[in-house]
Amino acid sequence: MNRYLINLSYIGSRFRGIQRTIDKTVGQFQDPHTVQGVIEEALLKLRPVNVPTLKLSSRTDTGVHAFHNTVHVDLQRPNGKPYDEDKITKVLNRTFERDAISLRILSTVHVPDTFHARICAKSRTYLYRVAVLKPEFHDHNQHPHTQFIPIEEHDRCFFIGHPRFDIGTFERVARTFAGMHDFRTFMAVARGNPRQREAMHSVRSIESITVGRGQSTASGCNRELAERLYDYWDVYIRGRSFLYRQVRRMVGAWTAAAEGRISERDVYHMLTVPSQNSWCSNVVVAPAHGLYLCRVDYDPKDLSFGPEHEQLSRTVAQPQDGLAANGNHGYVYGR
């Protein structure tokens, strides 16, 4: 049995999230509506001896995208030798392209059995994309949803049409969330698990939060019009781990403060008095489609085999399946 780290990216709009759902009542283990289910089914084309089961580094909800997410999987080849890393990547991507699935493998890396995609992750960086309608284009007689939104940005960015949105306030309250805090107020309870809030440890450390100018991902005249109408902002949030829907709930609170629906003091109260009861009713959770997991970082030592394995590899490694053996265990980021 050999272990592989798979670096992947996907558009979350068509998936019910990354984690596979198992229907125990009918014994169903396949799930074509999740990222995990799609990859596990595609891995069967390699004809491994075992049934592939992915271990996830980070869970993303329905509609959340990933420039770079990671999983690991154990595969046993019939002849006992490791699979060629490039072949795994090519077989999976060929399957996704044929089936028109918005999922791509960035790279596959053969890693030691001690590696774990979730436990070994040193940090995760999320991007939240916001587009704010410029003041000169506000029409109080017109609903904000009638404004132009480029088709390329549909379900890719959070468009805001509030006439009093203040990016200065947004950035100021966002910065107060950096560091170690109890984020219980900003943790949602997973459906079907009402006691999760009490059971989970809710103290987390956010390494950095930055708010900077972004740009439209549209092309041609659509991009010109979009950037004339909107100010794009990229919000990067980095930390080792996050609670369920924590990022979306934080962005929702910052947006509410920027629009004047709640005060900065209200945000401070939610952060410093961690409780479900501290959540302000005027805050709306930011939509999933503006959120991207954009990188997962590992210590290179966790991805490397010891010198004994390298010596063994040089002795027995041979090109397989018509592809050159790949001895490069470097790490590829999805950005």
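The model described here is predicted, and the values below are computed from it.

Helix α2 spans residues 85-98 and has 14 residues. From its first C-alpha to its last, α2 reaches 20 Å, close to the 20 Å expected at 1.5 Å a residue. The residues of α2 that are buried are Glu85, Ile88, Thr89, Val91, Leu92, Asn93, Thr95 and Phe96. In general, an α-helix has 3.6 residues a turn, so residues three or four places apart point the same way. Among the buried positions of α2 are Ile88, Leu92 and Phe96. At the N-terminal end, aspartate 84 caps the helix, with a side-chain oxygen 3.0 Å from the backbone nitrogen of aspartate 86. Just after α2, alanine 100 takes a positive phi of about 55°.

For the protein chain as a whole, 9 helices and 10 strands were assigned. The chain has 335 residues, of which 47% count as buried. Of the contacts between residues at least 6 apart in sequence, 77% join residues at least 24 apart.

Valine 273 provides an example of a residue in a loop; this loop runs between α7 (264-272) and β10 (291-298). Valine 273 counts as partly exposed because its relative accessibility is 36%, which falls between the limits of 20% for buried and 50% for exposed residues. When neighbours within four places in sequence are left aside, valine 273 is in contact with Thr185 and Ser278. Phenylalanine 183 is 90 residues from valine 273 in sequence, yet the C-alpha atoms of the two residues are 9.2 Å apart in space.

Cysteines were also examined. A disulfide is a covalent bond between the sulfur atoms of two cysteines. A search of the whole structure found 0 disulfides. Cysteine 221 has a relative accessibility of 61% and therefore counts as exposed, the limit for that class being over 50%. Cysteine 294, by contrast, is buried, with a relative accessible area of 0%.

How values were computed. Residues are numbered from 1 along each chain as its sequence is written. This is a predicted model: local features need pLDDT of at least 70, side-chain atom pairs count only at pLDDT 80 or more; totals for chains, interfaces and linings use all residues. Side-chain values use heavy atoms; hydrogens and water are left out. Helices (H or I, at least four residues) and strands (E, at least two) are DSSP runs, numbered from the N terminus. Buried means under 20% relative accessible area, exposed over 50%, partly exposed in between (1.4 Å probe, protein chains only). Contact means heavy atoms within 4.5 Å. A disulfide is a pair of cysteine sulfur atoms within 2.5 Å. The expected span of a helix is 1.5 Å times one less than its number of residues. A polar contact is a pair of N or O atoms within 3.5 Å; within protein, one must be able to donate a hydrogen and the other to accept it, and residues adjacent in sequence count only if both atoms are side-chain atoms.
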